[in-house]
Amino acid sequence: MKPELLAPAGSFSKLKTALYFGADAVYAGGKDFSLRSFADNFTRDELAAAVKYCHERGKKLYVTANIFAKNADMPLLEDYFSFLQSAGVDAAIISDSGVVYAAKKAAPKLNIHISTQANLTNKYAVKFWRELGVTRAILARELSIFEISEIRDFVPDIELEAFVHGAMCISYSGRCLLSNYLAGRESNRGECVQACRWKYQIRKNEGDGAEWLDIEEDGRGAYILNSKDLNMSGHLKELENAGVSSFKIEGRMKSGYYLATVINAYRRCIDYGYGDTVRSELSTAFHRDYTTAYMLGENNGTVNYKDSQAKGGCDYIGNVSGNEHGFVIVEMRGRFKVGDELEVLSPSQNFGKKFTVEEVYTSLGERVTDCKLVQEQYRVKCPFKLQPGDILRRRK
């Protein structure tokens, strides 16, 4: 059986995008108890609907409840887990031992995945959680493939999940206090402001007097706490052989376009092993410089000193919502014009096909040459029969 491709879902629309482009399962947060408080997240009614939507398509939904909880959270958490169990959620993602206890008490049939926040860096920690009834361990990013294989041999009866792509925290397994100190927002209770992405200076207090000094690299400034993005697309088979049963993509705060691009690339790598051709897709989405982190052993090149900005090789043009009589209906997200060459992002065989824009109409039937109204439903002449959910983009 192929490893599961697990994708983030910061909203219901992103959940649908993730499944359309090939995710086997998604992880999402409710309005409370999640480490992504600034994502749209799901109400209880939306979570129940999301479970139904996933199960109808043979997919799974995992719900995050991975805050570091306080006493006052516990009664609310027990009620929440009882709801998740009754809604049919496939598992809860938890980092706190007290919260695991509350979940086992309130929802004994609910599967528990122990979060990377629990610092799962050794085989004894994984065995400890397995003996407490946890069904999956989400491994720390600090592990190597060899160490993962040792864990698999030592604890053969637990599922292993590993991050394969996306942003990383500079702190150990994401346990960061920078946001708390600098912005008064608790990182480990879902309010991180990503202070590690900011530009920093150092202060000289010795010698002729105190002064602030920039740490510069090529004159562009210094981002000494800013990690590169993880990219393990070239080593998926090695991870599978080491015993990883779920490949996890980070990004509940990322756009639907980002998710479509990354999920599509990993789906094709898993299914067809396209190698460099498909992995080059990952350069079209916004990203920082890539790294394999510690998966291949010690690595002192994980910090992105250059900048905190993302970059990508394509402009996001719009979402296909339908097609009729040789035209596709495109909900515009980026300005385009007659004469532009657009490219198709799709899980189908239309992936990568290109065409030149020759004829466009607004939703009112007016023929135009410059499409600049965001969210306007443009009718674009297209030689391919595209499906709702496909995306159009333009190479830079």
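Begin by selecting helix H5 (residues 123-131), where glutamate 131 and lysine 127 both lie, 4 residues apart, about one turn of the helix. Helices here are DSSP runs of H or I with at least four residues, and strands are runs of E with at least two, numbered from the N terminus. The side chains of glutamate 131 and lysine 127 meet in a salt bridge, 3.7 Å from N to O; the term denotes a side-chain nitrogen of Lys or Arg within 4 Å of a carboxyl oxygen of Asp or Glu. The model is predicted: local features need pLDDT of at least 70, side-chain atom pairs count only at pLDDT 80 or more, and totals for chains, interfaces and linings use all residues. Residues are numbered from 1 along each chain as its sequence is written, and side-chain values use heavy atoms, with hydrogens and water left out.

Next, select glutamate 78 and lysine 105, which form a salt bridge with the closest N and O atoms 3.6 Å apart. Glutamate 78 lies in helix H3 (residues 74-87) and lysine 105 in helix H4 (residues 97-106), so the pair ties together parts 27 residues apart in sequence.

Then move to lysine 2 and aspartate 271, whose side chains meet in a salt bridge (3.0 Å, N to O). This pair links distant parts of the chain, 269 residues apart: lysine 2 is in the segment before strand S1 (4-8), and aspartate 271 is in helix H9.

Now select Glu4, Arg136, Glu159, Glu161 and Lys248, which are linked in a network of salt bridges. A search of the whole structure finds 27 salt bridges.
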